Amino acid sequence: MGQPKEDGLSYRIDRGENAQASTFEDGVGNASLVLDEARILHNIQQVQRRQNLPVSQSLTDFTTVNGHGETVPVSAAYQKHALAATRIHLDVEMETGTGKTYCYIKTIFEMNKLYGWSKFIIMVPSIAIREGVCKTLGITADHFAESYGKKARFFIYNSKRLHELESFSSDAGINVMVINIQGFNSRSMDNLRIYEKLDDFQSRRPIDVIAANRPILILDEPQKMGGATQEALPKFHPLIVLRYSATHKTQHKRVYRLDALDAYNQKLVKRIAVRGIQTRGLAGTSAYLYLEGIDISQKTPMARIELEVKLKSGEIRRQFQRRKCRDDLFKASGGLEQYRGFTISEVDYNTNTIEFTNGIALKSGEANGDVSDSDIRRIQIRETIRTHLDREKQLFSQGIKVLSLFFIDEVAKYRDYDRPDEKGEYARIFEEQYALLKDDYLTGLPIDNVAYRDYLAGISASRTHNGYFAMDRKTHRFRNPHLGARSTDSDDADAYDLILKDKERLLSFAEPTRFIFSHSALREGWDNPNIFVMCMLKHASSAISRRQEVGRGLRLSVDQHGERMNNPLTVHDINVLTVIASESYRDFVAGLQKEITETLSSRPQEASPDYFTGKLLFTDTNNVEITADMAKQIHNYLIKSDYIDENDRISPAYHQARSAGTLSALPAKLAPYADQIFELIDNIFTDGQFPRPEDGRRDRTNPLNANFKKKEFQELWSRINRKAIYRVEFDSDELVRKSIDTLNRNLRVTPLQYTVQVGLQKENLTHGELRGGAGFSATRTRTEQGGSIHSLVKYDLIGKVAESAQLTRETIARILSQLEPVIFRQFSINPEHFISEASRLIAEQKATMVIEHLTYDETSARYDTDIFTAAQMGQDFSRVSSKLRKHIYDYAITDSQIEAEFVRELDISEEVAVYAKLPRGFQIPTPVGDYNPDWAISFKSRDVRHIYFIAETKGSMSSMKLREIENAKIECARKFFRKIGKNIRKDEIRYDVVTDYSQLMDIVSSMKQD
C-alpha cells in the first residue's frame, strides 16, 4: 500500500569504455521504492497478521536453526551480506508440488501490473531446477498473456551470450533472466567472466550491466545456496529479494505459508501410501518365504507366495505361486526338506496374513529365512511393477499415464558398460519381473477391457524403462550431455531430453517409457505430476531425506490433455503416491512423519489466550481485533469442550468433532466469527495432526457383488446414468437492477483505523530490559478512524470488480454509475474494502440468478460402469462398514456417523431392494462446481410402480447450517433429476436431502400415496 506504479525508470546504459557518445542507449530499470522503512515494515506486518503468521518486529529479523534444532540469530557475516543487498528479504513457504514456480511467475506479472517493475532474476541451485523453470515459463506464456495482455521475455544467462544482457537492459517489457548459482559463484574461468571487464563486452563487467537495472531477485530453494551466493547478492544491487522454498533454513520475513499440512488438507498434493519390506528369521528353519499379498477370488482367498522350488533338472529356483488354505509347501517346492511342516492353515484377507500348521505366521511384505540384499531389491522391483500395473489398470480409461521412479544407490547397477547389452543388475531384474507380471495381468484382465489390454501388450519390457544420471562415475561418461561432455551414446541424450525437458512427451501414451531409474540427479529440482509409484532401491541415508525423495512425486497428476486431476470430489481417490521402501512400513513411516513434523515446528503449538490476543478477524462488514477478554472466552470454550489438555495442546476430540461437523457451539458473542476462530485453532499444530501415510498393502479393492447385477439396480442405473449440460439464460438488465438495489441496501465499508499508543520509559532499567525491548511500558491507547484516502495508488475500480465478479466492464459500469452518492462515496474511505464488498455482493446476486435461470439438456453420452470399478481402489478402509447384504459393494466407505447409521438402516430395511453409495466419478455439472450425490436406492416394487430415490444425507436441514455452495449444488441437482425423470412413466425418480432413514421413509410413503 502506498507504492506508486511507475512504468520503468529510464537510465543511460553504459556502453563501455570505447563506445562513442552517439551509441549510448536508454535502458529501462526498476523504479526505486518510495516508501520509508517504517511503512514497508507496517505493510509486511499487515500481510502477516492477515495470514496468522509471526509478526516481524524489524526489517532485520533474520534467524536460522542450529545443529541442535534451536532457532538462533544468523551470523554477523550473513546479516552483513544480506543487508548490503537490500533491506527487504521476504520468505514464501510453499510445500513441494504445490506450484511454487507458477506462483512466483504470477508474482512477476502482478508486480509489473501494480508497480511497473519489469526486471527480474530467478536464481536456482541446479541445472535440473533451471530447466524446470524455463519449461514452466514457456508453457505458461499464453496462459499469462490471456490474463495480463503481455508475455515475459526470458533467457538463461550464459557468459558467452552477453548480447542478451543488452536486450534485458533496454527492453521495456517484462524481462526474466534465469541463472543457476554456478554461473556466478563457481571458480571456473567461464563463470568468473561475470565479474571481469571483457573485451567482447566493450570492457564492461556483466554484473554491472545487470545491477544497473535494480532487478528483483527470486531465489528458488535458497537453502541449497551457500555462503558464496549470499556474498554475491549485493553485487546484483537488488530492489527486493524474494525467497521461495518448502524448507527455509534461514528465516527472514515470512509473508506466506503453505506447508505440508495445509497442502494436504487443501488437497493440493497426493496422498502417500507406503509398502515396506521387512525381513525376519523363522525360528528353527532356513526356509525362504516371501508373502507378496492376498487375492480374493470367487472361491477362496489365494496367497501370492515366493518360495524355492526344485525343478525336474535338479536346479533350485525361486518362484511365485498362488496357494490356498491346506496347500502343502513341501509338495509345492518339489520336496525340499526345509518346507516340511509348512501346510497353510489360514489365509486371512482382513489382516493380510497367512498361518501354517507349524504355528508360524507371515504378513504381507515380510520376507523370511535366507534373505539376501539382492532378494530385497528384487522383491522391491517386483512390488513396484505390480503396484504400477494396479494403478495403470485403474487410471488408463481416464487418460492418465502412470509413471514409476526408482532411486538407486549405484549407477552401475542399472547401466553396466562392461556387458554387451550395458544392462546392470537392476535393469535385468526389472525386465525379467516385468515380463512375468505383464503376462499375469494380461491373463487376468476382463475381456471387455480391450483398450488397456492392447496398450499393455504393445510395450515390451526393454522399451518401457529408461535412466537419467548426472554422470556414470565408473566410466566417467556423462549421462547429461549438457553438462560439458557429450556421450557417444545418443540414447543418453534422448533420455536426458525426455526425462528432464520434454515432459509432455513423457506423459503421452505414445511414449513407451513408464519406469525411470535415477541415482541422484532427480532428487532435487525435478518432479513429474504423474509419478504414482516410487521405489527406494538403496540403503537409508541421512544425506537425502525421505521427504526430499517423496517430494518428487507429490504434484497432482494430469491427463492426456494436460488437465490437472484436482476435482475436490476425486482428487485423493486418483492421486495416491505409493512408496516401495527398503525398510519396514513402520520404520519408513516413522522417519517420514518425523521429518514432516519438524518442518511444521514453526506453527504455534498452544491454544493459550496469548496466542489468540491481537489476531484479526475479517467479517463482511468490519475487521475486529481479538481482545484479551475475547481470547479468554475462546480459551474457556476450548477447556469446557475438552478440546485442549492441561498444557493448552489441541486434543484429538477437537479434530474428531471438526472432521465430523459436530463441534459444540461458540458463545453468542463469538458466534459471528466462528469460521475464522476455528481457522485460528486449526492453525495450531499438534503431534499426529498430519495424516499418517497409509499402508499400501491395505489399499485393497472393495469388490462389486451380485447386487450390482440385480435387475432392480440395473434398472435404476439405466435411468440415472444420463449426462447433461446446463444452460443459463438471464436478463442482464435484471442482474443490474438487483445488484444496484443490494449494494444500496447492504454495502457498508469500514474506515481505516489507526491506534495511538502512549508509553513511558521505565525507571531503574536493567540492561536485559533495554536489549529485550522492554524499556517502555504502555500507559494508554486511543483508536481513531481515518478520513478519506488520497492514495498514490490508482485503482481500476471497474476492472477490479469486473474481474472478481466475472462480469463485463460494461455491466459493472452500469451498476456502479447508478449507486446512491452516499454509497459510492465510501470508495474514498477504504478503496480495497469497497472493491471486495461490492464484488462479493454482485457475485451473490449473479449466483442466485444463475440458479433461478438454470436449465439442463440431456446429451447422448452415458456414464460407463467403469466408474464403479475405478472406485474400488484407493479407499480408506478405516471408515469401512461391516460386510453388507444389499449394497452393490461388500462394504460402504462412510464419511460420517450419520452416513454409517443411514447405511445400517438401509441394509436391514425390508422396503429396500438394493442401494449404492454413488462413486465419485458420477458427477452432475453445476455452475458452482461438479456435484456428487450420496446414495442411489431402489425400493421394492409395489403393484406396477417402482420408486428410485437419490438421497443426499445431511446432519442438519437448516439452510443456515449448510454452506452456500452446497445449497446451490443441491438446487441444481433437483433440476437435473427432474429433467431426466420427465420421460419415465410408471416409475418415479426422486431426489431429496434427508437427515436420516426415518425422514427418507416419510418422503417415500407420501410418494406412494400420490
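Reader: How many cavities of 30 Å³ or more does a search of the whole structure find?

Author: The search finds one, a cavity being a set of points on a 1 Å grid over the protein atoms alone where a 1.4 Å probe fits but cannot get out. This is a predicted model, in which local features need pLDDT of at least 70, side-chain atom pairs count only at pLDDT 80 or more, and totals for chains, interfaces and linings use all residues. Residues are numbered from 1 along each chain as its sequence is written, and side-chain values use heavy atoms, with hydrogens and water left out.

Reader: What makes R378 and E306 a salt bridge?

Author: A salt bridge is a side-chain nitrogen of Lys or Arg within 4 Å of a carboxyl oxygen of Asp or Glu, and the closest N and O atoms of R378 and E306 are 2.4 Å apart, so the pair meets the definition. R378 lies in helix 13 and E306 in strand 16, so the pair ties together parts that are 72 residues apart in sequence.

Reader: Why is R378 called buried?

Author: Buried means under 20% relative accessible area, exposed over 50%, and partly exposed in between (1.4 Å probe, protein chains only); R378 has a relative accessible area of 12%, and therefore counts as buried. E306 is buried too, with a value of 2%.

Reader: How do you know that D573 is partly exposed?

Author: D573 has 23% relative accessibility, which is why D573 counts as partly exposed. The side chains of D573 and R920 meet in a salt bridge with 3.9 Å from N to O, and R920, with a relative accessible area of 30%, is also partly exposed.

Note on methods: On a 1 Å grid over the protein atoms alone, a cavity is a set of points where a 1.4 Å probe fits but cannot get out, and a pocket is an open set with protein on both sides within 12 Å along at least five of seven lines; lining residues have an atom within 4 Å of a point. Grid points are joined across faces, edges and corners, and a volume is the space filled by probe spheres set on the points. Helices (H or I, at least four residues) and strands (E, at least two) are DSSP runs, numbered from the N terminus.
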